[in-house]
Amino acid sequence: LLNLIPAALLASVDKDHASEKQDWDCERRLLQNQLQEQSSKVVNLESHLRVMQVVKTALQEETETAQKTLRRMSERVKGLEAENQGLRGQLDGQAYWNRKQVGILR
């Protein structure tokens, strides 16, 4: 059967087949390179994500610490305000007695 097909036609088909194979090989290499680039980007993004997660955790811990400190300071301010109010009351009482004593002495 092959004897019936002219040799030039077979050579042409072989040449076309080789050319197609080269095209496919070239495209396969291109796609492999693109896949490798994308894989590298994914690895870099995953690394960046891990760093950002560590930063996020650290910031959350700092925020919690700052909130606790703020609550303690707020409670301390309330205590100082109450203490100040008590001292004002004592001073007002003392001033009253002082005025009363001065009034008595006159």
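The model is predicted, so local features need pLDDT of at least 70 and side-chain atom pairs count only at pLDDT 80 or more, while totals for chains, interfaces and linings use all residues. Residues are numbered from 1 along each chain as its sequence is written, and side-chain values use heavy atoms, with hydrogens and water left out.

Let's start with the fold. The protein has one helix and zero strands. By definition, helices are DSSP runs of H or I with at least four residues, strands are runs of E with at least two, and the numbering goes from the N terminus. Helix α1 covers residues 7-105.

Now, what share of the 106 residues is buried? It's 0%. For us, buried means under 20% relative accessible area, exposed means over 50%, and partly exposed sits in between, with a 1.4 Å probe and protein chains only. As for the total, the protein exposes about 10200 Å², and carbon and sulfur atoms supply 59% of that. Those areas are from the Shrake-Rupley method with a 1.4 Å probe, and for residues only the protein chains shown count as cover.

On to charges. Side chains of opposite charge can pair when their charged atoms come close. The cut-off here is a side-chain nitrogen of Lys or Arg within 4 Å of a carboxyl oxygen of Asp or Glu. How many salt bridges does the structure hold? Three.

Have a look at Asp25. Its side chain meets that of Lys21 at 3.1 Å, N to O, and Asp25 also bridges to Arg28, with the closest N and O atoms 3.9 Å apart. So you get Lys21, Asp25 and Arg28 linked in a network of salt bridges, given the 4 Å limit. Both partners sit about one turn of helix α1 from Asp25: Lys21 is four residues apart from it, and Arg28 is three residues apart from it. Lys21, at 48%, is partly exposed, and Arg28 is partly exposed at 43%.

The other bridge joins Lys78 and Glu75, at 3.8 Å, N to O. These two are three residues apart in helix α1, again about one turn. Glu75 counts as exposed because its relative accessibility is 52%, whereas Lys78 has a relative accessible area of 48% and is partly exposed.

Next, patches. Lys and Arg count as positive, Asp and Glu as negative, and His and the chain ends are not counted. A charge is placed at NZ of Lys, CZ of Arg, CG of Asp or CD of Glu.

Which residues form the negative patch? Asp16, Glu20, Asp23 and Glu27. Asp16 is in helix α1 and is partly exposed at 46%. There's a nonpolar patch too, made of Val51, Met52, Val55 and Leu59, with about 340 Å² of accessible area together. Val51 is in helix α1, with a relative accessible area of 46%, so partly exposed.

Last stop, aromatics. A search of the whole structure finds one aromatic pair. Tyr96 and Trp97 are edge-to-face, 5.5 Å centre to centre with 75 degrees between the planes. Rings of Phe, Tyr and Trp (its six-membered ring) pair if their centres lie within 6.5 Å; planes under 30 degrees apart are stacked, over 60 edge-to-face, and the rest tilted. Tyr96 is partly exposed at 41%, and Trp97 is partly exposed at 48%.

Note on methods: Patch = residues over 30% accessible without salt bridge, like charges linked within 9 Å, V, L, I, M, F, W, Y side chains within 5 Å.
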